[in-house]
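Hello,

Here is the structure I said I would hand over. My notes on it follow below.

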Amino acid sequence: QRKGRRKDKLNAADTVWRDLNLTDREAAIIELVLQGHSSESIGLRLSITMGTVKVHRRNVYRKLGISSQTQLLSIYLKKLGEH
């Protein structure tokens with residue numbers, strides 16, 4: 001039963017990323033950002049350069065019209081609450 005709830009949570013998160021028109025890579029990076037990972041840590045986990053991580057983050061912030069991680073979390077939580 002617990003796994004089922006976890007799966008629902010994951011499906012809801014995936015839906016949020018789709019709703020926000022994020023690519024799979026952008027979504028993967030933003031999930032790690034929201035978990036508290038630094039750009040360096042994200043780069044190491046995804047085998048990409050820190051510069052590439054920063055480009056993806058900048059693109060997401062531009063797409064969403066935001067300028068901070070706090071705003072990102074706020075949008076995510078609001079959208080998650082809609083699902």
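With which side chain does the side chain of glutamate 26 make a polar contact? The partner is the side chain of lysine 63, at 2.7 Å. A polar contact here is a pair of N or O atoms within 3.5 Å; within protein, one must be able to donate a hydrogen and the other to accept it, and residues adjacent in sequence count only if both atoms are side-chain atoms.

Please note that this is a predicted model, in which local features need pLDDT of at least 70 and side-chain atom pairs count only at pLDDT 80 or more, while totals for chains, interfaces and linings use all residues. Residues are numbered from 1 along each chain as its sequence is written, and side-chain values use heavy atoms, with hydrogens and water left out.

Glutamate 26 and helix 2

Glutamate 26 sits in helix 2, which covers residues 24-34. Helices (H or I, at least four residues) are DSSP runs, numbered from the N terminus. The side chain of glutamate 26 also reaches the backbone nitrogen of threonine 23, at 2.9 Å. Beyond its neighbours within four places in sequence, glutamate 26 is in contact (heavy atoms within 4.5 Å) with Asn21, His56, Asn59, Val60 and Lys63.

The relative accessibility of glutamate 26 is 5%, so this residue counts as buried. Buried means under 20% relative accessible area, exposed over 50%, and partly exposed in between (1.4 Å probe, protein chains only). The buried residues of helix 2 are Glu26, Ala27, Ile29, Ile30, Leu32 and Val33. Just after helix 2, glycine 36 has a positive phi of about 100 degrees.

The aromatic pair

There is one aromatic pair in the structure. Its members are tryptophan 17 and tyrosine 76, and the pair is stacked because the ring centres are 5.1 Å apart and the planes are at 20 degrees. For this, rings of Phe, Tyr and Trp (its six-membered ring) pair if their centres lie within 6.5 Å, and planes under 30 degrees apart count as stacked, over 60 as edge-to-face and the rest as tilted. Tryptophan 17 belongs to helix 1 (residues 2-19) and tyrosine 76 to helix 5 (residues 69-81), so the pair ties together parts that are 59 residues apart in sequence. Tryptophan 17 is buried at 4% relative accessibility, and tyrosine 76 is buried at 15%.

Leucine 80

Leucine 80 is also in helix 5; at 27% relative accessibility, leucine 80 is partly exposed. Not counting residues up to four places away in sequence, leucine 80 touches Ala12, Ala13 and Val16. The C-alpha atoms of leucine 80 and alanine 13 are 6.6 Å apart, although 67 residues separate the two along the chain.

Regards

Definitions and conventions. Helices (H or I, at least four residues) and strands (E, at least two) are DSSP runs, numbered from the N terminus.
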